[in-house]
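Let's walk through this protein together, one question at a time. Have the sequence and the 3D view open as you read.

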Amino acid sequence: MHSPNNSPVGTWQQLLTGRYLGTATVLAGGVALYATNVYLTTSLLPTAIEEIGGERYYAWTATVFLIASVVSSMMVSNLLAARGPRGAYLIGLTVFALGTVVCALSPTMELLLVGRTVQGAGGGLLAGLGYAVINAALPKHLWTRGAALVSAMWGVGTFAGPAIGGVFAQFGAWRLAFGVLVIAAIAVGALVPRALPAHTAGSSTRSPVPVLSLALLTAAALLVSVAGIMSHLAVTATMVVAAVLLLVAFVAADRRTDHGVLPPSTFSRSSLKWVYLTIVVLAVASTVETFIPLFGQRLAGLAPLAAGFLGAALALGWTLGEIPSASASSPRVVRRIIIAGPVLVAVGLGIMAAFLTDQAGAGVLVAWIVGLLVAGAGIGIAWPHLAVGAMTAVAEPGEGARASAAINTIQLIANAFGAALAGVLVNIGEPSTLHSAQLLLGTFAAVAIIGVAVAARAVPRTDREHRVAATSER
């Protein structure tokens, strides 16, 4: 997972100035568009429904977007092979912009769902390309910084999305909020021809599309997305179990093909599978933020805007954690950081769970914010190193792009399952919001604790650590 000792250590100044500024802007901008769109749509959808109707399709605006994102994110490697970084980004931005225009002009909810599907297809490409192009567009000593910058855009989107959507919705101009995204997509697209290479340095051979694997994953994502909105626990549980079985079938199918969604190294003795599983744990834990605004309103009496920013505390911690963490380069330090990630997530969620109460006052709110910041920091410190770990843990150098592109697909699937599990736990706790919050935070803290053992296997010990361990055993 680490560079040779004589490799240069990149700095933020190198990434964000001079020749790499345009590249960094495109990589970060694509993911920022995706992340901002997610939160922007959530904040303005109630206002949109008042105008165009279709309340019964409310949850499907997220469902169709997620499914399209999952499918398109798995096409990233082939798109890069066929069109190169420059062409792939232009296609992703164009599809995203077209879908956003449809959303802005939609007279009915049905047409809005079409726009959201197209948006999701473009957004999935942009989110996947943000990681997949790092190793082609940046030198190796800037990979960790690049991954941290790309990941930090989720924090930016968490703040920018509700702010933009909320402001326009407040004045009844929700369509113009989508217009802002179109303008931003055009601006990022204008930088692409000069910021990204036309072709990658490696092989440009296209791989066959893994139709069976793709179908199984899509079906699993669809089931788990629908499960999260079902009101009957038995139906929800059945759908989640069925989705898990489909994921097992996906792994079996993907393992048998040479051109699957995941690189072959995932099923070898390499640490790649443990890197991916650690990403799953952290991504699942991050979905608690979906219900934090609800808890803020019901348990602390916060106004919707204030409750929304309470939910953003986890994303803020994520951003604050990964910026300094990206400076670490020692293999031993990186290993400790990755293992500390799920530890901090468990501690942070545990802090909030310990201070849950009805009619929470200012002091309790401060404890909640601290807990969410700590949990977010746990995700943030580990994420950039896991992204680089996925690129470098492959058995064959040519698998690096596929390994990094798969990060986004795995994150999307984990988010879908995490949201569904969160919905199940909240439903079990009803009608008591306090009980729901305790179940959710307690269960996800336990998942994070399990993730500590997974993270330890994601980063093998260095030779020095093996010698120290052997000496202590004697």
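Helices here are DSSP runs of at least four residues, numbered from the N terminus. Please keep in mind that this is a predicted model.

Q: In which helix is Thr433 found?
A: The helix numbering given above is what we need here. The run that covers residues 433-458 contains Thr433. That run is helix H17.

Q: Is Thr433 buried or exposed?
A: A residue counts as buried when its relative accessible area is under 20%. Thr433 has a relative accessibility of 14%. Thr433 is therefore buried.

Q: Which residues does Thr433 touch, leaving out those up to four places away in sequence?
A: Contact here means heavy atoms within 4.5 Å. With the sequence neighbours up to four places away set aside, the residues that Thr433 touches are Phe295, Arg298 and Leu299.

Q: How are H12 and H15 oriented relative to each other?
A: Two packed helices are described by the angle and the distance between their axes. The axes of H12 (residues 292-300) and H15 (residues 362-392) come within 12 Å and cross at roughly 165 degrees. Angles over 145 degrees count as roughly antiparallel. H12 and H15 are therefore roughly antiparallel.

Q: What classes of residue make the contact of H12 with H15?
A: The crossing of H12 and H15 is right-handed. From H12 the contact uses Ile292, Phe295, Gly296, Leu299 and Ala300, while H15 brings Leu365, Trp368 and Leu372. Sorted by class, they are seven nonpolar, one polar and no charged residues.

Q: Which residue forms a salt bridge with Glu51?
A: A salt bridge needs a side-chain nitrogen of Lys or Arg within 4 Å of a carboxyl oxygen of Asp or Glu. By this rule the count comes to one salt bridge. Its closest N and O atoms are 2.9 Å apart, and the partner of Glu51 is Arg175.

Q: How many residues apart in sequence are the parts that Glu51 and Arg175 tie together?
A: Glu51 is partly exposed at 48% relative accessible area, and Arg175 is also partly exposed, at 24%. Glu51 lies in helix H2 (residues 21-52) and Arg175 in helix H8 (residues 174-195), so the pair joins parts whose separation in sequence is 124 residues.

Q: What share of the contacts with a separation of 6 or more comes from residues 24 or more positions apart?
A: The protein chain has 18 helices and zero strands. Of its 474 residues, 54% count as buried. Among contacts with a separation of 6 or more, the share from residues 24 or more positions apart is 82%.

Key. Residues are numbered from 1 along each chain as its sequence is written. This is a predicted model: local features need pLDDT of at least 70, side-chain atom pairs count only at pLDDT 80 or more; totals for chains, interfaces and linings use all residues. Side-chain values use heavy atoms; hydrogens and water are left out. Helices (H or I, at least four residues) and strands (E, at least two) are DSSP runs, numbered from the N terminus. Buried means under 20% relative accessible area, exposed over 50%, partly exposed in between (1.4 Å probe, protein chains only). Axes are lines fitted to C-alpha atoms, for helices over the stretch in contact, and angles run from 0 to 180 degrees between N-to-C directions. Angles under 35 degrees count as roughly parallel, over 145 as roughly antiparallel, 65 to 115 as roughly perpendicular and the rest as oblique. A crossing is left-handed if the near helix is turned anticlockwise from the far one by less than a right angle, and right-handed if clockwise. Ala, Val, Leu, Ile, Met, Phe, Trp, Tyr, Cys and Pro count as nonpolar, Asp, Glu, Lys and Arg as charged, and the others, Gly among them, as polar.
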